[in-house]
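My notes follow in the order I worked.

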Amino acid sequence: MEKTIFTVDDDQAVLVLIQAILESSGISSVGFLNGEEMLDAICNYLPDLILLDIDMPSGMDGFEVCRHLKADKNLKEIPVIFLSAASDVESKVKGFEIGAIDFIQKPVHTGELIARVKTHLVSSQLKNDLKISETKYRSMMESMIDPVYIISFEGVVEYMNPAMIKRNRGNAVGKICHLALYGLDQRCEWCVFDKVKDSKSVETNFVSPRDNRRYQVANMPIQQDAGRVSKMAIMRDVTDYWNALEEKKKAENQLHQARKMESVGQLAAGIAHEINTPIQYVRDNLSFLETAFADLILVAKFSRKVLDIIKSGHASEEMLEKLETA
């Protein structure tokens, strides 16, 4: 999908230059000479990123424009990169405190601009995808009938879905698991966290001392940063299964189906990993080639222009010096 960037700069020449650089890399750019015009336009169309000049004497400066953006819940997630000839640390710190993600100094270097913009576009897309994914899977967890909870590496409750909160008669997030969930002063006898920390999925059956009912629990590892592992547990009350022989066959079928679904999920995750790895490799290399050849394309275009001028007999020393510089 084509990305669109809003560029705001009160210098027409700089604005045209930046737009030309972006569009030469396949990035659509819409230019504005002041922040007020951009804020009006953004009500009708949301860009993927904003390049914002700081010093704009004729109206709102870049800092003020950025504050307006970050104060709006519909606009605050749009990444903002400040452009400025100023190199003082105070301006940069102020920009980051307001909410900018980067700071590019003028005069703009073509390669740097393209590299930074593309990096932040990719980062922004990944964040958006992650947010959508988190929303999707949280919704799935919230709608599950079975109680679900997540325990941190240290044994603290990190999450409980509504079904778990109802079973526990209260939200225990932030509390020690064995005490908050089962009223025990020490680690549960049926605890399998050591196996889960080794990235193993484990099923357990136990009778909860809190309500004296039997539960079947699927314990699965969740990989966190720095190799740390949390445990997600999906509980199922199987008391009636154990107490009623006539329901045995039905319960066994349900268990078999649950295992099939777990196998399908693991298979799908494996296939997705095998597909994503080569795609990521190709995309990274294409991005590198695109960035690497950007300057060469500009030089080639300029050379073509100079050649046309030489053919027409109007070549000048100044034009040749500019070519040599390029």
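I began with the accessibility of D102: its relative value is 10%, which is under the 20% cut-off, so I noted D102 as buried. The model is a predicted one, and I read it as such.

I then placed D102 in the fold and found it in strand β5, which covers residues 102-105.

Which side chains make polar contacts with the side chain of D102? I found R116 at 2.7 Å and H120 at 2.8 Å.

I also listed the contacts of D102, leaving aside neighbours within four places in sequence. The list holds V80, I81, F82, F96, R116 and H120.

**Helix α1**

I turned to α1, residues 12-24, and checked its length. With 13 residues at 1.5 Å a residue, α1 should span 18 Å, and I found its end C-alpha atoms 18 Å apart, so the two agree.

Which residues of α1 are buried? I noted L15, I18, Q19, I21 and L22. Looking down the axis of α1, I saw that these buried residues fall within an arc of 160°, so they line one face of the helix.

I looked at both ends of α1 last. At the start, a side-chain oxygen of D11 comes to within 3.0 Å of the backbone nitrogen of A13. Just after α1, G26 has a positive phi of about 80°.

Notes:
Residues numbered from 1 in each chain as written. Predicted model: local features only at pLDDT ≥ 70, side-chain atom pairs only at ≥ 80, totals over all residues. Heavy atoms only, no water. Helix = DSSP H or I, 4+ residues; strand = E, 2+ residues; numbered from the N terminus. Expected span 1.5 Å × (residues − 1). Buried < 20%, exposed > 50% of the residue type's maximum accessible area, 1.4 Å probe, protein only. Arc of directions from axis to C-beta. Polar contact = N/O pair within 3.5 Å; in protein donor to acceptor, adjacent residues only side chain to side chain. Contact = heavy atoms within 4.5 Å.
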